Amino acid sequence: MRRQLVMVALATTLTVTIAFVVPLAILVRVLAAERALGDADRVTRTLIPVLVSGDESAASLTVEQLRATTNATLSVHLPDGRVLGADVTDDDVETARAGSAIARTDADGSRVSLTPVVRQTGGTSVIRVSVPASLLTLGVWPALRMLGAIGIGLVLIAVLIADRLGRRAVTQA
């Protein structure tokens, strides 16, 4: 009877733990990616008003300041072909310059966003932000290990309690 009680406690606690840990693990991964992509979006939103104004010295300064605060690769392709920030060539820059915002995932897992910005002084600049795959999963593994450790701890505690209850029930019978 003691063994059966332990097995029932193990099965039920394991089932409930898995039912909670798996969705939490998915949530952790999604939140890590959202955090990284939110940072890229913040960079883009910060640059848009500066680029619209057409002040290239302010744009250059803003790009350098933003590059210092983000781990994403940032570049601004100006209408005259010059590039501020990371000198990255991308075939989709001309497509974006024609007015189409582009968001894609590259073969290495990084996410790339190209945003066209029409300037008051004429022409269209393109903001290119690339978030490396490593940033999309930053902090996920330590969180998953912690969730796993908590899950294992809960299962072990439940089995221990069931064993103690089973021992008491067997010795009293």
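Let's start with two helices: α1 passes α5 in a right-handed crossing. Right-handed here means the near helix is turned clockwise from the far one by less than a right angle. Helices (H or I, at least four residues) and strands (E, at least two) are DSSP runs, numbered from the N terminus.

A word on the source. This is a predicted model, where local features need pLDDT of at least 70. Residues are numbered from 1 along each chain as its sequence is written.

Back to the pair. α1 covers residues 2-53 and α5 covers residues 140-172. They pack at an angle of about 165°, axes 9 Å apart. Axes are lines fitted to C-alpha atoms, for helices over the stretch in contact, and angles run from 0 to 180 degrees between N-to-C directions. So α1 and α5 are roughly antiparallel, a label for angles over 145 degrees.

Now the sheet. It is open, with 5 strands in the order β2-β1-β5-β4-β3 and antiparallel pairing. Two strands pair if DSSP finds at least two bridges between them. Which strands stand at the edges? β2 (83-85) and β3 (102-105) do, each with a single partner strand, so one side of each has no neighbour in the sheet. From one strand to the next, the twist averages 15°.

Look at one pairing. β3 and β4 (residues 111-118) share 4 bridges, in the antiparallel sense. Arg-104 has Val-112 in β4 as its bridge partner.

Last, helices on the sheet. α1 lies across β1 (73-77), β4 and β5 (124-131), at about 165° to β5. Helix α2 (residues 56-69) packs there too, touching β1 and β2. Contact means heavy atoms within 4.5 Å. The direction of α2 makes about 40° with that of β2.

Conventions:
Predicted model: local features only at pLDDT ≥ 70, side-chain atom pairs only at ≥ 80, totals over all residues. Heavy atoms only, no water. Parallel < 35°, antiparallel > 145°, perpendicular 65-115°, else oblique.
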